[in-house]
Each structure stands twice: as structure tokens, then as C-alpha cells.
Amino acid sequence: VVDIRKLYGQRGVFTYDPGFTSTASCESKLTYIDGDAGVLLHRGYPIDQLAEQSTFMEVAYLLLNDELPNAEELDRFTYTISRHTMVHEQLATFFRGFRRDAHPMAIMCGVVGALSSFYHDSTDITDPRQRMIASHRLIAKMPTLAAMAYKYSVGQPFLYPDNTLSYPGNFLRMTFGVPAEKYEVDPLIEQAMDRIFILHADHEQNASTSTVRLAGSSGANPFACIAAGIACLWGPAHGGANEAALNMLREIGRPERIPEYIARAKDKDDPFRLMGFGHRVYKNYDPRAKVMQKTANEVLDKLGVTDPVFDVARELEQIALKDDYFVEKKLYPNVDFYSGVILSAIGFPTSMFTVLFALARTVGWVAQWNEMIADPDQKIGRPRQLYVGPTQRDYVPLDKR
Ligand code: ACO
């Protein structure tokens, strides 16, 4: 706590908390994390139960509303989302403005932000109905845009959504289907995809969610706020970690090379970190990582894939969990450690991993954004700073410097 009066003659007392490690920015009823116990609850429901027993649509409903839906509410919600999956034809032309080798996250920042120019009827954020329409549009259009980003990168035509399919099924078809052939959605892959979406749906005030809230606190329109969240998620310390984790596992390549990388991660002169390990809040096993590891087993078995990176991942986890450095610092696998192995087995290139994260996290972002706007105590987010620059001094003309 800094008494700024002593420093600069200003009024008031504030906390200096770089990285906001101990500052709550809001009240929320959505998600609870007990990082020491490795617990994650959405509106009270444990993440492992939701991942095993519910669907992404149910979780989306739960986060946007107070309770789990009954059968009729779920049907209506799923139908509503399916009615919003199309994107305006003009939006397709945006893609052609990007280089073909553009990172799909760069494309997503652009095209999701561009949605704000198409929907003038859902940007009065004071109207709860309009907020809900914007939220439904975002949840529904993310798979379409994500699949288009992928198709653009591989030079294949875009596929229109098929609203008779489930949310993950439709996404898989738009991504891997081709117009000339019938695409059969594999039920196990569809379920794995749905589970991955559930595991990424929300995670309280992480960097990208805080970004969405901060952007939204100024009254900015929701599509622009979600684009801001996507930009933040892209970083390798956040959503980009799944891509970085798989790249690292591939680089390690063989279990024999693991000790070399463990030594590097412990070396303070080496900037290398074990990607997919450690978390700001979890000082125990990330409960999402457990479900992810199980799902990886199922998917690899089903597809008959024997990917050496999965062996490297499992072995690396075993070694790290017994290593004093990782034990002392409470560094455990996080959600990103195994997700890349599954996504890669399904056929996604690494550059799409963070896009899938953004697709799923959109549910949490819009739920958090709605909660914030509806909060009567909501103010524009405006952190203070601890100024450490020069005190007042007189301007020196150019010829005197
Ligand atoms: N490998 C090696 N050492 C690590 C790792 C790691 N993955 N993570 C943390 N440490 C060490 C740090 O060097 C630091 O050591 P020190 O106390 O000797 O200085 C200590 O553990 C604490 O680390 P911080 O960076 O201070 O912890 P913070 O809470 O700020 O960072 C983070 C959390 C960013 C997730 C970090 O653990 C990390 O970089 N992990 C790798 C990237 C990753 O997997 N990110 C995904 C996060 S989950 C998500 O966004 C979905």
C-alpha cells in the first residue's frame, strides 16, 4: 500500500499490485477457483462433472443464465444459437484481404471486431435483450469464423454452417469437410471437441477476460470487446501456451531428451519455461488438465494414433512432478499441456489451437461482459499507477540539448 500524498502531494491511498496478483477487480457469480485445492466450479458445478456429463451448450446456458437449463430451455437455446451461425456474405471478402499465411488469430482479431459493423441492432448495451442477442451472435458465429480462418489458410472453399448438426459437429464439418464430399462427424471426436470447449469456457478474471471487461467498461460495443479479448488470449503466456506446449513437446521429441529440458527450465539464466506448466492461480493439479489427459487417451486410442509427443508429455509430467524445483514452486500441468496432443490428433494445425480456445472462451467472455454491464456498481475500469519518472522540470529548447 502506497500513501501517494507523501510521494507527489496527491490525495488518496492505493495498492501497487503489478500483475494484479492480489487485487479483485469485480464481484462475480460465474466461476470459482480454489487454486490450492485444484477446484474449478461454474455457478457451483465442478468442472469435471460438467465435462463428463453435460454439453457445451448446457454450460453456455449455465454461464449466461443463473441455472442449468431444463430440456425445453436447452432446446430453445440450442435452436437460437443455430439460427445465428451464418455470417454476412460481405464478411467473407474480409478474409481475402489477409495474407494466405496470416496467423489465424490475426484474422480472428480482425473479423470478430468487424462484426460490430454488421449488427447495429445489438449494440445498445443498456438493453438486456440486445446484450443477449449480441452474446448469442458471438457464440454462434465463432465456429463459422474459426472454420473460415482455417479454410482460408489451406486454400479450400468456405462451407456454410449445417444447423442440423450439434455445435461441435457443425464446427468439425465446416473445418474438415469439403463441398464435393459428405462429411460424417465421428461421435467420439465430436464429444472430445465438445469437452475441450467446456474445459475452456470460462476461468474467472484471467488476462483476456479482464481485457474484455476493461474494454466493455467504457461502453464499447460487444464485438469490439471480444476482439480485444482475442488479442490478449493470443500471447504465449495465456492462450498461446497450447501451441507453444505442443511445439515444445515436438522439439523434445524423445523421452531421453526430457532431462535436458527440465534442466533448462530450472536454469534462471535460460528464459526457457516448460510450456503448459504452472499457473497464476492453481498451485495444485489443474482440474481441467486431468480431464484433458483422459480425453487425449480416448482420442488417440480411437484414432489409432501413436503419437510420440503423447509419450513425451506423460513422461515429462512424471519427471517434473517428482522434481524438487517443480514441487517447491507448485508447478503442475495446466489445461494447455495435453490439449495440443488431442487437437493435433484430430487434425488441427498448431496455429489453430488458440483459435479453438477463443471460440470456447467466447462463452465466458460474453457471460462476464453481461454480468459486468448489469452490475449497478459498474464503473469504467481505470487502474492507477505508481509514477517513478522525473519530477516537474522546465522545457529545454532543442538548441540547448
Ligand atoms: N517452467 C519453469 N519455471 C516456471 C514455470 C515454468 N513453466 N512457470 C513458473 N516458473 C517459475 C518462475 O520462473 C518463477 O520462479 P522464481 O520464483 O524462482 O522467480 C516461479 O515459478 C513463479 O513464476 P511466475 O512467472 O512468477 O508465476 P506467474 O503466476 O506470474 O506465471 C504462468 C504463471 C505465466 C502461467 C507461468 O507459470 C508460465 O509462464 N507458464 C508457462 C506458460 C503456460 O503454460 N501458460 C498457460 C497458462 S494457463 C492458460 O492461460 C490457459
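Please keep in mind that the model is predicted.

**Two helix pairs**

Let us start with H7 and H18, the latter covering residues 353-374. Their axes lie 9 Å apart and the packing angle is about 170°, which makes H7 roughly antiparallel to H18, as angles over 145 degrees count as such. On the H7 side, the contact is made by Pro128, Arg131, Ser135, Leu138, Ile139, Met142, Pro143, Ala146 and Ala149. H18 contributes Val355, Leu356, Leu359, Thr362, Val363, Val366, Asn370, Ile373 and Ala374. Sorted by class, the residues of this contact are 14 nonpolar, three polar and one charged.

The other pair is H15 (residues 308-322) with H17 (residues 336-346), whose axes come within 10 Å and cross at roughly 165°. H15 and H17 are therefore roughly antiparallel to each other, and H15 passes H17 in a left-handed crossing. Val309, Phe310 and Ala313 of H15 meet Phe337, Tyr338 and Val341 of H17. Here the contact consists of six nonpolar residues, with no polar and no charged ones.

The table sets out the two pairs.

| Helix pair | Axes | Angle |
|---|---|---|
| H7 and H18 | 9 Å apart | about 170° |
| H15 and H17 | within 10 Å | roughly 165° |

**Buried helices**

How many of the ten residues of H8 are buried? Nine of them are, so H8 (residues 167-176) is largely enclosed by the rest of the structure. The buried residues are Tyr167, Pro168, Gly169, Asn170, Phe171, Leu172, Arg173, Met174 and Thr175. What covers them includes H3 (56-64), H4 (71-82), H7 (128-154) and H9 (187-199).

In H6 (residues 104-114), the buried residues are Pro104, Met105, Ile107, Met108, Cys109, Val111 and Val112.

**Around the ligand**

Which of the 18 residues around the ligand come nearest? They are Ala241, Arg273, Phe277, Gly278 and Arg280. By class, the shell holds eight nonpolar, six polar and four charged residues.

Key
Residues numbered from 1 in each chain as written. Predicted model: local features only at pLDDT ≥ 70, side-chain atom pairs only at ≥ 80, totals over all residues. Axes fitted to C-alpha atoms, helices over the stretch in contact; angles between N-to-C directions. Helix = DSSP H or I, 4+ residues; strand = E, 2+ residues; numbered from the N terminus. Parallel < 35°, antiparallel > 145°, perpendicular 65-115°, else oblique. Left-handed = near helix turned anticlockwise from the far one by under 90°. Contact = placed C-beta atoms within 7 Å. Nonpolar A, V, L, I, M, F, W, Y, C, P; charged D, E, K, R; others polar. Near = placed C-beta within 6 Å. Buried ≥ 20, exposed ≤ 12 C-beta atoms within 10 Å, placed from the backbone.
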